[in-house]
Amino acid sequence: MRHHRALAAIAALVLVVSGCGRDGSGGTEDGAPVAGASADFGTLKGLCGPGKQTLAPVQGVTADEIKVGTLTDQGYDKRGDYADAAKVFTSWCNDAGGINGRKLTATIRDAKLMEVRQRMLEACREDFFLVGGGSALDSLGVKDRLSCMLPALPATTTMVENTGSDLQVSPWGGASYSRYAGYFTWLLKEAYPGSAGAVGSIVGDSPVTKVLNEQVKETVESAGGTFSYSDTYPTAGIADWTPYAQAIKSKKVKGLVFYGNFTDLVKLELALTNLNYRLDWIDANAYSYGPAFLKLAGKAIGFQNNLADIGGVHPLESASSSPATQQLIDLFAKYAPGAPVSLGAVRAFTAFVLFAKAAGSCGDDLTRKCAYEAVLKESAWTAGGLLAPIDLSQIDAPLKCFNVEQATPDGWKPADFKPNQGAFRCDAPVYKLTRSYVKPMKLEDVGRSMADLETR
């Protein structure tokens with residue numbers, strides 16, 4: 001029981017940091033629609049539609065159906081983001097005729113935190129792809145996924161052994177590069193240069209989140225930041241954050257990076273506010289982006305300056321300026337009324353959009369090899385307008401675009417980060433991580449190679 005509670009606490013923190021973007025003809029996503037297609041999404045024409053197929057070429061694909069798996073932890077964390085996105089996309093796509101006439105079926109693979117390997121083995125036996133999901137302890141399944149040559153288009157990745165692993169494409173940046181170089185460069189050199197010499201860090205005391213925090217610390221230091229304070233807190237949480245707040249005040253910390261559950265961040269911010277100590281900025285991270293954090297934080301929102309890099313996803317509160325974002329919100333209202341359109345749901349939906357475009361380009365002879373290679377032809381992927389453009393043709397590509405949200409008493413709003421490409425800023429410096437971290441798993445680690453994908 002003690003071991004299980006410890007893992008559960010660690011996983012809760014990993015979920016935080018995870019919460020925190022081609023067509024077959026060449027490098028744009030506005031190519032000709034597939035034959036018989038009838039449903040558009042954003043700038044993508046004919047993403048889903050009718051057709052008549054005859055082949056059942058591989059596992060998970062028949063003449064009438066395509067079966068994919070969506071990994072979740074909803075039996076543990078009670079979050080339905082990924083399952084909701086799967087339901088909304090498949091319902092809409094199938095109403096339009098499916099993918100070239102094939103019905104798209106998404107099986108929710110609920111790992112319930114501790115059962116990642118069991119769900120992965122099931123997916124290995126039944127699914128064509130993994131699409132639009134994620135699990136806090138996702139590294140527990142990566143060896144089996146690679147062994148059975150199962151490609152994945154996840155909504156998010158968490159543990160370092162899985163982030164950047166083979167046969168997996170994610171629009172959130174390559175594993176070798178910092179995802180936050182643009183964000184922290186803006187914070188320390190433009191927005192709040194006076195904070196650069198007094199940055200602080202608090203992270204939950206677990207090996208997993210400590211590694212991720214070290215990567216962020218490396219990024220901050222590369223952008224000219226100096227840490228004057230660094231601490232950990234018990235993964236199970238603490239009742240009184242006053243000693244931490246007093247330490248931050250005594251060290252005169254001006255900018256704080258926090259990796260932990262946002263309920264703990266709120267307690268810390270209330271303690272800081274009670275001490276009448278205001279930092280220049282607090283990195284609340286993307287996990288806090290949503291109404292729950294604002295409601296819980298209360299008076300701290302008007303006193304502390306909470307910011308979050310949301311990784312190139314178009315802001316939900318600015319849907320009126322993004323036809324794709326507004327269309328997604330409308331689809332949720334139709335197919336999952338009452339379900340929240342969260343950042344996680346958007347990320348999952350973008351994975352389904354990517355899968356549908358890639359699979360649709362393969363026609364009747366739909367194989368894993370064809371669909372995976374179609375994904376890798378996307379050199380300016382935006383999921384129809386949901387994301388800042390990213391080059392998926394490079395497996396380990398840095399993020400060039402970022403966007404920053406600010407928590408206000410009136411809700412989350414875009415910060416003044418000087419966007420230069422619509423809602424995004426696309427001049428982020430490229431920073432390649434140089435320190436020694438755990439490496440993502442590769443096909444050769446399990447005795448496989450890309451050549452094995454040809455027969456799958």
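**Ground rules.** I number residues from 1 along each chain as its sequence is written, and I leave hydrogens and water out, since side-chain values use heavy atoms. Because the model is predicted, local features need pLDDT of at least 70 and side-chain atom pairs count only at pLDDT 80 or more, while totals for chains, interfaces and linings use all residues.

**Entry 1, helix 3 with helix 13.** I took helices (H or I, at least four residues) and strands (E, at least two) as DSSP runs, numbered from the N terminus. I looked up the pair formed by helix 3 (residues 81-95) and helix 13 (residues 343-360), whose axes come within 8 Å and cross at roughly 40 degrees. Helix 3 is therefore oblique to helix 13; angles under 35 degrees count as roughly parallel, over 145 as roughly antiparallel, 65 to 115 as roughly perpendicular and the rest as oblique. The axes are lines fitted to C-alpha atoms, for helices over the stretch in contact, with angles running from 0 to 180 degrees between N-to-C directions.

On the side of helix 3, I found Asp81, Tyr82, Ala85, Ala86, Val88, Phe89 and Thr90 in contact with Gly344, Ala345, Ala348, Phe349, Phe352, Val353 and Ala356 of helix 13, contact meaning heavy atoms within 4.5 Å. These residues divide into eleven nonpolar, two polar and one charged, where Ala, Val, Leu, Ile, Met, Phe, Trp, Tyr, Cys and Pro count as nonpolar, Asp, Glu, Lys and Arg as charged, and the others, Gly among them, as polar.

I also checked the length of helix 3: at 1.5 Å a residue its 15 residues should span 21 Å, and its end C-alpha atoms are 21 Å apart, which agrees; the expected span is 1.5 Å times one less than the number of residues. The buried residues of helix 3 include Asp81, Tyr82, Trp92 and Cys93, with buried meaning under 20% relative accessible area, exposed over 50% and partly exposed in between (1.4 Å probe, protein chains only).

Ala155 lies in the loop between strand 6 (152-153) and helix 6 (181-191), and at 1% relative accessibility it counts as buried. Ala155 and Gly344 are 189 residues apart in sequence, yet 7.0 Å apart in space, C-alpha to C-alpha.

Thr242, Tyr244, Ala245 and Ile248 in helix 8 meet Leu268, Ala271 and Leu272 in helix 9, and the contact residues divide into six nonpolar, one polar and no charged.

Lys78, in the loop between helix 2 (74-77) and helix 3, has a positive phi of about 60 degrees although it is not a glycine, and at 67% relative accessibility Lys78 counts as exposed. Lys418, in the segment after strand 13 (411-414), has a positive phi of about 65 degrees and is partly exposed, with a relative accessible area of 49%. Gly97, which follows helix 3, has a positive phi near 120 degrees.
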